[in-house]
Amino acid sequence: MPIEDPHAVVADLYRLLSPPVGTPLDRDALSGLFLPDARIRAAMADNAGVEDVVNYSVTEYLDVLERLVQAKHEAGLASMKRELWERTECYAHVAQVFSTYESAMTAGDRVHAGRGVNAIQLLHTDGAWRIA
């Protein structure tokens with residue numbers, strides 16, 4: 001089903017990134033949010049402060065996510081990502097979404113794990129918004 005609102009794409013992304021314990025990652029639904037040739041980039045720093053940038057294809061990103069979700073679920077942890085704030089700029093068939101989120105893991109009591117920001121570019125093509 002085509003998604004006609006960039007906000008709905010971002011909401012679906014966060015929902016799909018947080019499957020309940022015992023529920024596998026829905027690869028088909030997640031991959032449907034992305035253009036086939038989309039790239040996912042993440043800037044990170046390890047505990048020592050060493051910075052790195054990773055660059056994934058959609059398939060590589062889903063492979064990494066699937067392993068992470070499976071490992072967390074095997075440990076009895078559920079992960080959650082929740083949007084706290086969003087700013088969207090649209091220019092014709094292009095949208096830029098800055099989304100501040102909170103991530104947490106649960107195992108009984110909720111444990112706060114952190115916050116971050118996603119910069120998500122979307123293109124409107126074939127009647128739907130998809131992550132580029």
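# Pairs, patches and a core

Q: Is Arg27 buried, exposed or partly exposed?
A: Relative accessible area sorts this one out: under 20% is buried, over 50% is exposed, and anything in between is partly exposed (1.4 Å probe, protein chains only). Arg27 comes in at 23%. Because that value falls in the middle range, Arg27 counts as partly exposed.

Q: In this predicted model, at what pLDDT do side-chain atom pairs count?
A: Residues are numbered from 1 along each chain as its sequence is written, and side-chain values use heavy atoms, with hydrogens and water left out. Since this is a predicted model, local features need pLDDT of at least 70, totals for chains, interfaces and linings use all residues, and side-chain atom pairs count only at pLDDT 80 or more.

Q: Which residue does the side chain of Arg27 meet in a salt bridge?
A: Side chains of opposite charge can pair when their charged atoms come close. Here, a salt bridge is a side-chain nitrogen of Lys or Arg within 4 Å of a carboxyl oxygen of Asp or Glu. The N to O distance for this pair is 3.0 Å, and the partner of Arg27 is Asp63.

Q: Is Glu102 buried or exposed?
A: Glu102 in strand S4 pairs with Arg82 in strand S3 (residues 78–91), 20 residues away. Their side chains meet in a salt bridge of 2.6 Å, N to O. Arg82 is partly exposed at 39% relative accessibility. Glu102 has a relative accessibility of 7%, so Glu102 counts as buried.

Q: Which residue forms a salt bridge with Glu89?
A: The structure holds five salt bridges, and this is one where the closest N and O atoms are 2.6 Å apart. Glu89 is partly exposed at 26% relative accessibility. Its partner is also partly exposed, at 46%: meet Arg87.

Q: How many aromatic pairs does the structure hold?
A: Rings of Phe, Tyr and Trp (its six-membered ring) pair if their centres lie within 6.5 Å; planes under 30 degrees apart count as stacked, over 60 as edge-to-face and the rest as tilted. Counting pairs on that basis gives three.

Q: What is the angle between the planes of Tyr14 and Tyr101?
A: Tyr14 sits in helix H1 (residues 6–16) and Tyr101 in strand S4 (residues 94–107), 87 residues apart. Tyr14 and Tyr101 are both buried. Their rings are 6.0 Å apart, centre to centre, in a tilted pair with planes at 40°.

Q: What is the centre-to-centre distance between Phe34 and Tyr61?
A: Phe34 is in the loop between helix H2 (27–32) and strand S1 (39–45), while Tyr61 is in helix H3 (residues 58–74), so this pair ties together parts 27 residues apart in sequence. Both residues are buried. With 70° between the planes, the pair is edge-to-face, and the centres are separated by 6.2 Å.

Q: How many residues are in the largest nonpolar core?
A: In soluble globular proteins, nonpolar side chains tend to be buried together. A nonpolar core is a set of buried Ala, Val, Leu, Ile, Met, Phe, Trp, Tyr and Cys residues joined through side-chain atoms within 4.5 Å. Leu13, Leu30, Leu33, Phe34, Leu122 and Ile131 touch the most other members. The number of residues in this core is 24.

Q: Which residues is Ser57 in contact with, leaving aside its neighbours within four places in sequence?
A: Contact means heavy atoms within 4.5 Å. Ser57 lies in strand S2 (residues 51–57) and is buried, with a relative accessible area of 18%. Leaving aside those close neighbours in sequence, Ser57 is in contact with Ala38, Arg39 and Ile40.

Q: What is the area of the nonpolar surface patch made by Leu84, Trp85, Phe98 and Val117?
A: Nonpolar patches are made of residues with over 30% relative accessible area and no salt bridge, where nonpolar side chains (Val, Leu, Ile, Met, Phe, Trp, Tyr) are joined within 5 Å; like charges are joined within 9 Å. Accessible areas come from the Shrake-Rupley method with a 1.4 Å probe, and for residues only the protein chains shown count as cover. Val117, in strand S5 (residues 109–125), counts as exposed at 56% relative accessibility. Together with Leu84, Trp85 and Phe98, Val117 makes a patch of about 390 Å².

Definitions and conventions: Helix = DSSP H or I, 4+ residues; strand = E, 2+ residues; numbered from the N terminus.
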